[in-house]
Amino acid sequence: HLSYMGGDYNKALQNMIESLEFRKEKQLDLFRKCFSSQFEITEEEQARAKEMMELVRADMARQYTVMRGHDNQHRSIMFKFPRVKTGATEDSYILSQVYMAERSTAATEFCSLGTQERSIAV
C-alpha cells in the first residue's frame, strides 16, 4: 500500500483500512472456503458462500478468465478474455474480479513458496 500511494504513509494507511473494511463488508475471506468442502462454515456463511459462487459463475460466463501456468519467477499467469456477453451486475463483476485476483495471488504464493507477491495478467 505504501509504494502504491507514492510513499505517503497517511494515504497508505487510509487505503489499507478501506481495503480491510471492503473485505469485511463483502465477506471476501469466504472465497477461500466457498469453492471447497474441506472447511466448516456456519449456515449463514453457507448462504453467503452460495450467493458468492453464483455471482462469480454468472460473471465468469460473460468473461472467461483462466490461470494457466507460471513464469520463470513463479508468478501465476492470468488470462482475461474479452466479454462474450453483457449484463453483469456490479456485485457479480466485482466479486469475480476479486475472486480471480485472490486465486492468482494464492497460486503465486504457493508456486513461489512465498517469495513472490505479484501475478501476471494478460
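1. The loop between α1 and α2 (31-34) holds Q27; helices here are DSSP runs of H or I with at least four residues, strands are runs of E with at least two, and both are numbered from the N terminus. Q27 has a positive phi of about 55° although it is not a glycine. Most residues other than glycine have a negative phi. Q27 counts as partly exposed at 30% relative accessibility; buried means under 20% relative accessible area, exposed over 50%, and partly exposed in between (1.4 Å probe, protein chains only).

2. The model is predicted, so that local features need pLDDT of at least 70 and side-chain atom pairs count only at pLDDT 80 or more, while totals for chains, interfaces and linings use all residues. Residues are numbered from 1 along each chain as its sequence is written, and side-chain values use heavy atoms, with hydrogens and water left out.

3. L113 is found in the loop between α4 (90-111) and β3. Its relative accessible area is 76%, and L113 is therefore exposed.

4. L2, Y9, L13 and I17 make a nonpolar surface patch of about 380 Å². Patches are made of residues with over 30% relative accessible area and no salt bridge, like charges being joined within 9 Å and nonpolar side chains (Val, Leu, Ile, Met, Phe, Trp, Tyr) within 5 Å. A salt bridge is a side-chain nitrogen of Lys or Arg within 4 Å of a carboxyl oxygen of Asp or Glu. Accessible areas come from the Shrake-Rupley method with a 1.4 Å probe, and for residues only the protein chains shown count as cover.

5. Helix α3 (residues 43-60) has 18 residues. From its first C-alpha to its last, α3 reaches 25 Å, close to the 26 Å expected at 1.5 Å a residue; the expected span is 1.5 Å times one less than the number of residues. The buried residues in α3 are R48, A49, M52, M53, L55, V56, D59 and M60. An α-helix has 3.6 residues a turn, so residues three or four places apart point the same way.

6. Three strands form an open sheet in the order β1-β2-β3, with mixed pairing; two strands pair if DSSP finds at least two bridges between them. The edge strands, β1 (65-70) and β3 (120-121), each pair on one side only. β1 pairs with β2 (residues 76-80) in the antiparallel sense over four bridges. In this pairing H70 stands opposite S76, and M67 stands opposite M78. Five residues lie between β1 and β2 in their hairpin, and H74 in the turn has a positive phi of about 65°.

7. M78, in strand β2, is buried, with a relative accessible area of 12%. Leaving aside neighbours within four places in sequence, M78 is in contact (heavy atoms within 4.5 Å) with T65, V66, M67, M100, S104, I120, A121 and V122. The C-alpha atoms of M78 and V66 are separated by 5.7 Å, although these are twelve residues apart along the chain.

8. V122 lies in the segment after β3 and counts as exposed at 55% relative accessibility. Beyond its neighbours within four places in sequence, V122 is in contact with I77, M78, F79 and K80. A distance of 9.7 Å separates the C-alpha atoms of V122 and T65, 57 residues apart along the chain.
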